[in-house]
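Here is a friendly tour of a single protein model, arranged by topic for quick reading. Have the viewer open as you go through the points.

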Amino acid sequence: MRLKDAGPNADQSRLKRGADVMESFFQRIPVEVYLMSVVACYNGAKAVVVDTKDMEVVRNIFGDLPMHYAFPSGKTDLFSGLAEAVKIAAPWQPKSTLLLLLSDGDTVPATGMPKLPASVADVLVVGVGDPAPGRSSTARCRVRILTPAANRHRLGGIYHDGNQKHLSTELLSRLTVIPARMLSSA
């Protein structure tokens, strides 16, 4: 995530681009009605925060928290992060959760995808970093690997290339539905 090839001008680190995409996401959804959990993964997974409404904590995780020190060097294991997220989300109400995976892309094994619990209504996989051929192997495989991982037969969701564009307002509106009970109590 520290490689500097992301953003519209390819001058941001992937970490910074991911933080920018997430900030745009947070500014355009009603964050006050959601609980958020963040899982970091590299060669393992760590729940960084579970069930918070504190946006400053979440912003710090995406923008300033040096998570690369929390893991020893090794091969990325995206499924460990998904498995931890699934464990956290399992007891929640059915169809109440958006699972958002932000990644600079790495290999995703052909098997071992965790089964999503009933609580997961939607899955969004957002890739950051330059996917152009001839760049790093991680960047080359990102679109080829993350797109099928996100699609209907693997995670039941969609892939968005966040390298050049933020998430569309239309997509955010579809993925962040406010439950009717919350609207009636407002």
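The side chains of Arg14 and Asp104 are joined by a polar contact of 3.4 Å (a polar contact is a pair of N or O atoms within 3.5 Å; within protein, one must be able to donate a hydrogen and the other to accept it, and residues adjacent in sequence count only if both atoms are side-chain atoms). Arg14 is found in helix α1, and this arginine is buried, with a relative accessible area of 1% (buried means under 20% relative accessible area, exposed over 50%, and partly exposed in between, with a 1.4 Å probe and protein chains only).

This is a predicted model, in which local features need pLDDT of at least 70 and side-chain atom pairs count only at pLDDT 80 or more, while totals for chains, interfaces and linings use all residues. Residues are numbered from 1 along each chain as its sequence is written, and side-chain values use heavy atoms, with hydrogens and water left out.

**Overall layout**

- The protein chain has six helices and seven strands (DSSP runs numbered from the N terminus: helices are H or I with at least four residues, strands are E with at least two).
- Along the sequence, the elements follow the pattern β-β-α-β-β-α-α-β-β-α-β-α-α.
- Of the 186 residues in the protein chain, 44% are buried.
- The protein chain exposes about 9900 Å², and carbon and sulfur atoms supply 55% of that area (Shrake-Rupley method with a 1.4 Å probe; for residues, only the protein chains shown count as cover).
- Among contacts with a separation of 6 or more, 68% are between residues 24 or more positions apart (contact means heavy atoms within 4.5 Å).

**Nonpolar cores**

- In soluble globular proteins, nonpolar side chains tend to be buried together.
- The largest nonpolar core here has 23 residues, and Phe25, Phe26, Phe62 and Leu167 have the most contacts inside it (such a core is a set of buried Ala, Val, Leu, Ile, Met, Phe, Trp, Tyr and Cys residues joined through side-chain atoms within 4.5 Å).
- At least two residues of this core come from each of α1 (14-27), β3 (36-41), α2 (55-63), β6 (120-127) and α5 (169-175).
- The biggest share comes from α1, which gives five residues, the most of any element in this core.
- Leaving aside residues up to four places away in sequence, Phe26 touches Val31, Met36, Met55, Val58, Arg59 and Phe62.
- Another core, of 12 residues, lies apart from the largest one, and its members include Ala85, Leu99, Leu101 and Val125.

**Helix α2**

- Met55, Val58, Ile61 and Phe62 are buried in α2.
- Seen down the axis of α2, its buried residues fall within an arc of 120°, so they line one face of the helix (the arc is that of the directions from the helix axis to the C-beta atoms).
- The cover over these buried residues of α2 includes α1, β3, β4 and β5.
- Where α2 starts, a side-chain oxygen of Asp54 reaches to within 3.0 Å of the backbone nitrogen of Glu56.

**Strand β6 and its partners**

- Strand β6 is mostly covered, with six of its eight residues buried.
- Strand β5 (residues 97-103) runs parallel to β6 and is joined to it by seven bridges (two strands pair if DSSP finds at least two bridges between them).
- Leu124 in β6 is the bridge partner of Leu100, and Leu124 also stands opposite Ile158 in β7.
- β6 and strand β7 (residues 158-161) run parallel, joined by four bridges.
- Val125 lies in strand β6 and is buried, with a relative accessible area of 0%.
- The C-alpha atoms of Val125 and Gly157 are separated by 7.5 Å, although these residues are 32 residues apart along the chain.

**The β3–β4 hairpin**

- Strands β3 and β4 pair in the antiparallel sense over five bridges.
- A hairpin of three residues joins β3 to β4.
- Ala40 stands opposite Lys46 in β4.

**Backbone angles to check**

- Most residues other than glycine have a negative phi, and most peptide bonds are trans.
- Asp51, which is not a glycine, has a positive phi of about 55°.
- Asp51 sits in strand β4 (residues 45-52) and is partly exposed, with a relative accessible area of 35%.
- Lys95 is not a glycine either, and its phi is positive at about 55°.
- Lys95 is found in the loop between α3 (78-89) and β5, where this lysine is exposed, with a relative accessible area of 62%.
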